[in-house]
Every structure is written in C-alpha cells, then in structure tokens.
Amino acid sequence: MKYIKLNLKALIVMVFITMANNMNAQFDAMFTQFMFNEMYINPAYAGSKEAMSATLLHRQQWLNFAGRPVTTSFSLHGPLLDNKMGLGLSFLNERIGVLNRNLVYGSYAYRLKLDKDQRLAFGLMVGVHNQVNKFSELKTNDDNTIDPQFSQNSQSILTPNFGTGVYYSNKTFYAGLSIPRMIQDNIKFMNGDANAELGFSPSKYHYYLMVGNLFTLSPDLKLKAQGMVKAVANSPVQVDLNANFLIKDFVWAGLAYRYNASASAIAGVQLSPQFLVSYAFDYNLNSINKYSNGSHELVLNYLFSYKGKKVVTPRYF
C-alpha cells in the first residue's frame with residue numbers, strides 16, 4: 001500500500017477520513033449571508049416575497065486549507081392562492097475532505113394575513129440526504145500507481161429527513177424560529193459499506209432563531225440589521241450578527257460578525273429591483289487563521305415578476 005505524503009495538508013485530509021468512517025450527518029452548513037438563504041433554514045419562509053424568488057449561493061471556506069468545506073446551494077420559492085400559501089424547493093451540495101453530501105428539500109408554508117402588512121406563516125420541509133466518501137479523489141505518493149485502498153468511493157447512502165418552522169413578517173421587521181432537520185441520520189462507513197441509524201433525539205436538534213429590521217435613515221439611506229442564533233444541546237451557542245446599509249436602493253455595504261469565529265465585509269449591488277448580486281469575505285478570528293486566507297461567499301438572487309405585476313422596489317427580507 002502506497003503511503004500518503006506526510007505533510008500538513010495530507011494530515012488534515014486523513015483527519016477528515018477518520019471522521020467520515022463514523023460520522024453523524026446531523027450537521028449544518030455555515031453561511032455568512034444567511035439572510036439570503038433562509039429557505040435552507042426555515043420552510044415557513046416559502047412564498048414570503050411578492051414574486052417567485054431564485055437564489056444561488058456559493059461558499060469557499062478557509063482558502064488554502066486542505067479538505068476545506070465548499071458549499072453550493074440553490075433555492076426557488078413563491079406564493080400561491082393570493083399569498084395564502086408558499087411552495088419552495090432547495091438543494092445543497094457540500095464537500096468536506098472526501099465527504100460529499102447532497103440535500104434536497106421541498107417546502108410548504110401556510111400563511112395567515114394578520115392585517116394589511118403583517119403575515120404569520122407555518123412551514124414544513126421534507127427531503128432526502130445523500131452522502132458518499134470519494135476516496136478515489138485522493139492522491140497517493142506515486143502518481144503512476146493506483147492504491148487499492150483508495151481506488152473506489154464508498155457506498156452512496158440515502159436517508160429521509162424533515163423540518164418545521166414559523167415565520168412572522170411585516171414591511172420592516174421579521175422573526176423566524178425553526179428546526180430544519182429533525183431526524184438524526186447517523187451514517188457509518190466501514191470497508192466501503194455504509195449504513196444509517198435513524199432516530200429522533202430532541203436533545204440534538206439544531207434550533208434557529210432569526211430576526212431582522214429595516215431602518216429608514218433618510219430617503220437615500222437604509223439600514224438592514226439582522227441576527228441569527230443557532231443552539232444545540234451540549235454545544236456553544238452560535239451567534240451571527242450583520243448590519244448592511246442600502247444606498248439609493250442600489251448599493252449594499254455592511255459588516256458581519258460570528259462570535260469567536262470571524263468578522264466579515266459584505267458588498268452588493270441591486271442591479272435592478274429584481275436582481276441582486278452580493279459578496280462576503282470572512283476574516284478568521286481563531287487559530288485557523290494561521291493556515292487559511294479567509295472565506296469567500298457569493299450570492300445571486302432574482303425575482304421573477306408575475307404577469308401583470310411588477311416588482312417596483314427591492315425586497316428587503
């Protein structure tokens with residue numbers, strides 16, 4: 001058996017392999033611009049905009065760090081029956097070391113109109129997870145020889161999951177609470193074989209609380225402030241905060257902070273009331289900063305106008 005080069009990058013990859021041999025798939029991807037990817041977090045968000053919304057997000061985390069997370073997500077959602085319901089579809093691919101997983105969810109929201117501007121929605125998401133270890137992508141010391149231990153990928157395994165959430169919104173404020181994934185799908189890889197142990201364990205649920213508010217500082221300047229708290233038993237609470245200025249309904253510029261993890265700069269352009277492009281750069285505040293040049297995240301969001309109805313102002317939430 002050929003040995004893998006003993007340098008820092010190879011050692012990190014080997015750590016990921018060891019983790020993957022007995023991994024709990026109940027972990028969630030990390031986003032700096034979580035406010036543009038709420039469909040992945042809360043199904044009650046489906047249909048919350050005045051038109052069908054499509055969002056593409058790509059994140060390159062911890063550049064120059066071997067086996068780093070690389071995440072791509074896509075979501076599509078819109079209102080139905082005069083905004084009394086919402087339907088959505090979300091897809092996520094994440095690669096961490098040799099681990100490759102895909103998540104596909106359909107979301108449904110029932111929306112209550114409290115008055116002219118206020119809505120309260122209850123949501124349910126149902127989907128599947130697919131996970132595989134791609135050992136064939138590893139490179140051994142001798143490029144001309146195929147190591148039989150790494151010549152093929154592990155067995156691909158598929159597991160079901162579902163989640164729920166509630167979402168309140170008006171013209172300038174929103175708040176949401178959700179549990180996106182409620183089945184604990186403990187996946188074990190041994191000698192190329194894979195099996196999943198499914199179960200319910202409320203003590204391991206990831207709870208998400210999100211709030212946001214829009215402040216109009218002047219006719220040409222608005223401030224959008226948002227926060228997200230993620231909590232799970234026996235783990236530190238994760239807190240994300242961000243503040244973005246919108247200048248002349250055209251340019252977004254702001255800062256974000258993840259407690260004890262990173263500080264971020266965010267910049268975006270509202271190319272039209274329907275089309276937004278936004279970019280975030282994360283600077284690591286922990287020891288991983290010694291090995292990484294930070295993280296990059298790009299978001300594209302587009303609103304499709306319905307026939308006879310135009311999107312005349314940017315959608316702030």
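## Salt bridge R59–E297

R59 and E297 join their side chains in a salt bridge, at 2.8 Å from N to O. A salt bridge here is a side-chain nitrogen of Lys or Arg within 4 Å of a carboxyl oxygen of Asp or Glu. The pair links distant parts of the chain. R59 sits in strand 2 (residues 52-60) and E297 in strand 17 (residues 295-304), 238 residues apart. Strands (E, at least two residues) are DSSP runs, numbered from the N terminus. R59 and E297 are both buried. Buried means under 20% relative accessible area, exposed over 50%, and partly exposed in between (1.4 Å probe, protein chains only). A network of salt bridges links R59, D282 and E297.

This is a predicted model: local features need pLDDT of at least 70, side-chain atom pairs count only at pLDDT 80 or more, and totals for chains, interfaces and linings use all residues. Residues are numbered from 1 along each chain as its sequence is written, and side-chain values use heavy atoms, with hydrogens and water left out.

## Other salt bridges

The structure holds seven salt bridges. Side chains of opposite charge can pair when their charged atoms come close. E94 and R101 meet at 3.0 Å, N to O. E94 counts as buried because its relative accessibility is 4%. R101 is also buried, at 3%.

K248 and D220 form another salt bridge, with their closest N and O atoms 3.3 Å apart. K248 has 57% relative accessibility, so K248 counts as exposed. D220 is partly exposed, with a relative accessible area of 41%.

Strand 2 pairs with strand 3 in the antiparallel sense over eight bridges. Two strands pair if DSSP finds at least two bridges between them. H58 stands opposite T72 in strand 3. Strand 3 also pairs with strand 4, again antiparallel, over eleven bridges. Here S73 has L92 in strand 4 as its bridge partner.

Strands 3 and 4 form a hairpin with four residues between them. I96 lies in strand 4. I96 counts as buried because its relative accessibility is 15%. The C-alpha atoms of I96 and G67 are 5.5 Å apart, although 29 residues separate them along the chain.

L81 is in the loop between strand 3 (70-80) and strand 4 (85-96). In the hairpin turn, L81 has a positive phi of about 50 degrees. With a relative accessible area of 59%, L81 is exposed.

L81 is one of the residues in a nonpolar surface patch of about 720 Å². The patch is made by L80, L81, L87, Y108, Y110, L112, L114 and F122. Strand 5 (residues 99-113) gives the most to this patch, with three residues. Patches are made of residues with over 30% relative accessible area and no salt bridge; like charges are joined within 9 Å, and nonpolar side chains (Val, Leu, Ile, Met, Phe, Trp, Tyr) within 5 Å. Accessible areas come from the Shrake-Rupley method with a 1.4 Å probe, and for residues only the protein chains shown count as cover.
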